[in-house]
Amino acid sequence: MLEGIDYWGELRESPSQMEICVAIFANVLELDERGEPVNEKYAERRAAAWLYRYCTGELPPGEPDIEPWECRLH
């Protein structure tokens with residue numbers, strides 16, 4: 001999803017955006033009763049979708065909008 005996008009250059013200039021990217025991953029991630037992740041690839045995809053939108057101004061085709069709870073900082 002992020003191939004060809006210089007997202008590191010963008011995040012380096014704005015560390016607060018990196019914090020939001022990590023928050024999305026953590027907020028979406030679900031753990032089982034043993035604390036093992038059950039949807040890590042989906043959480044990674046949602047964080048990547050946000051990063052894609054941040055760098056390009058739009059979400060990847062077919063990706064649902066980022067929900068407010070996904071990017072809430074705790």
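Arg 45 forms a salt bridge with Glu 63, with the closest N and O atoms 3.1 Å apart. A salt bridge here is a side-chain nitrogen of Lys or Arg within 4 Å of a carboxyl oxygen of Asp or Glu. Arg 45 lies in helix α3 and Glu 63 in the segment after α3, so this pair ties together parts that are 18 residues apart in sequence. Helices (H or I, at least four residues) and strands (E, at least two) are DSSP runs, numbered from the N terminus.

The model is predicted; local features need pLDDT of at least 70, side-chain atom pairs count only at pLDDT 80 or more, and totals for chains, interfaces and linings use all residues. Residues are numbered from 1 along each chain as its sequence is written, and side-chain values use heavy atoms, with hydrogens and water left out. The pLDDT is the predictor's confidence in each residue, from 0 to 100. The chain averages a pLDDT of 90. A score of at least 70 is reached by 99% of the residues. Confidence is lowest in helix α1 (residues 7-13), at a mean of 75. It is highest in helix α3 (residues 40-56), at 93. Where pLDDT is low, the predicted coordinates should not be read in detail.

The salt bridges were examined next. Side chains of opposite charge can pair when their charged atoms come close. A search of the whole structure finds six salt bridges. In one of them, the side chains of Arg 46 and Glu 63 meet at 3.0 Å, N to O. Arg 46 lies in helix α3 and Glu 63 in the segment after α3, so the pair ties together parts 17 residues apart in sequence. Glu 70 also meets Arg 46 in a salt bridge, at 2.8 Å, N to O. Glu 70 lies in the segment after α3 and Arg 46 in helix α3, so parts 24 residues apart in sequence are tied together. Salt bridges that share partners join Arg 45, Arg 46, Glu 63 and Glu 70 into one network.

Arg 45 is partly exposed, at 38% relative accessibility. Glu 63 is buried, at 11%. Arg 46 is buried, at 2%. Glu 70 is buried, at 2%.

The search of the whole structure also finds one aromatic pair. The rings of Trp 50 and Tyr 54 have their centres 5.4 Å apart and their planes at 10°, so the pair is stacked. Rings of Phe, Tyr and Trp (its six-membered ring) pair if their centres lie within 6.5 Å; planes under 30 degrees apart count as stacked, over 60 as edge-to-face and the rest as tilted. Trp 50 and Tyr 54 are four residues apart in helix α3, separated by about one helical turn. Trp 50 is buried, with a relative accessible area of 6%. Tyr 54 is partly exposed, at 31%.

Glu 3 lies in the segment before α1. Glu 3 is exposed, with a relative accessible area of 79%. The C-alpha atoms of Glu 3 and Tyr 52 are separated by 9.8 Å. These two residues are 49 residues apart along the chain.

Definitions and conventions
Buried < 20%, exposed > 50% of the residue type's maximum accessible area, 1.4 Å probe, protein only.
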